[in-house]
Amino acid sequence: MEIRGSNTPLLEWTGDGLAIGLFEDAVELTGELATLDEKLAGSIKELIAEEEFKGKQGSSTSIRVGSHSPVRKVIVVGLGKPEALKLETLRRAAAVAARTAKKQRCKTLAIHLPILNDDQAQTAQALAEGVQLALYQDNRFKSEPEDKSPQVEQVDLLGLGGQEAAITRANQIASGVFLARQLVAAPANSVTPITMAETATQIASDHGLQLEILEQEDCEKLNMGAFLGVAKASDLPPKFIHLTYKPEGTPRRKLAIIGKGLTFDSGGLNIKGAGSGIETMKIDMGGAAATLGAAKAIGQLKPDVEVHFISAVTENMISGHAMHPGDILTASNGKTIEVNNTDAEGRLTLADALVFADKLGVDAIIDLATLTGACVVALGEDIAGLFTPDDALATQLEKASEISGEKIWRLPMEEKYFEGLKSGLADMKNTGPRAGGSITAALFLKQFVKDTAAWAHLDVAGPVWAEKENGYNGPGATGFGVRTLVNWVLSEV
């Protein structure tokens, strides 16, 4: 599919489908749209009346306008209230237009939407992202595709000629999202610690990143007892992945992104029971998937920022070698952990990854993890939890989230809750009381960051997977986090 900026006037474009946007409660056709409607014998006005189209955000309707018309189908997309217009509105409107065009068997599509704040580049990027994300299909595991309808082959963004750089940027970011979606969606017999390392190797080769993969014996030399405690029960070797993007010249800042990389989580000896969703635990590497997706995008975008992409990748399995409830592990910073629940394993792998990143001399660290069901209870399936003691970093991430349209919400790090993690035998336990479970998990992670000025934890347990289609996410893996991470890296601080 080719997405192009076009200066072809609205009234002169010809092709299969033309998508226009209308604001809520302001669906009267004026200006060019009124002229277009006259040219199409009143078809648009008739469609609005017959369908009682109100312009609500995410709504759409379409009509065939005749074989002799320069346009075969007109698609009307709702933009919501004019005062609420933002990049995410345009991104989702473009996604709706693209999905509708595909459903209407349009091979060529033009999108005519408002330009936000006269910023053509931002608008073009948002529209291109919406189209790309909405039309993504994953047919890797089907003997033949279920959807055999024609694909949209060409999309013209009207009024946005000359915005090739913005569209290219959108395509590069989307490629990282697609990688994350593919990794999360694939079953645990396809995505393993070994194949995750191979994926990192491919990214490094394709985009000029440096790569270090620590094998088990390397991790042993670094005393990564928490990570290796989780890995003991698996027949597959653990892989500690460290990808580094370095710009030419002196980097403006140095950052680290860490992703939880459990390619399958059985729960260990605290095995997940009936109704626990154990069959979905291939998604427990959603943080690592976003990290590698961001690495792929950053490798193409080439900002003036040094970025370290890290994941301690393993399975959490059951065997005679498995860690027991009650075992005491020693992390690479010397802190001891009493394992009171082997199903709280992600924070153990992150502990050693955080210690590793903390020694790199970076300005800030972000970790992403499908860490707690408690965060899903608190924020639902669409919103990630943000935990950080650093207000400036919180603001940076909230701005990056706003640009990307990926929702995050800052939750408190109530220090007194750490009392629930105290152990009579070790420095801490790996889980606390049921109440405030996502907060105590974040407080646990905080114990492994000592020297880095700014650190944040994103609990993405809810939004990495969607049970039903939601704009351009799902059903299935969403690639959540990639676009927020990229926007954070690119931001001027």
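What you have open is a predicted model, where local features need pLDDT of at least 70 and side-chain atom pairs count only at pLDDT 80 or more, while totals for chains, interfaces and linings use all residues. Residues are numbered from 1 along each chain as its sequence is written, and side-chain values use heavy atoms, with hydrogens and water left out.

Now go to where they touch. On the domain 1 side 18 residues are in contact (heavy atoms within 4.5 Å) with 21 residues of domain 2. Together the two domains bury about 1,700 Å², 55% of it on carbon and sulfur atoms; buried area is the accessible area (1.4 Å probe) that two parts lose on being put together, summed over both. Next, pick Arg92, Leu133 and Tyr136: in domain 1 they lose the most area to domain 2, together 36% of what that side buries.

Then show the side chains of Arg99 and Glu469, which form a salt bridge at 3.5 Å, N to O. The rule here is a side-chain nitrogen of Lys or Arg within 4 Å of a carboxyl oxygen of Asp or Glu, and it finds one salt bridge across this interface.

Last stop: what is the domain 1 side that touches domain 2 made of, by residue class? Seven of its residues are nonpolar (Ala, Val, Leu, Ile, Met, Phe, Trp, Tyr, Cys and Pro), three polar (the others, Gly among them) and eight charged (Asp, Glu, Lys and Arg).
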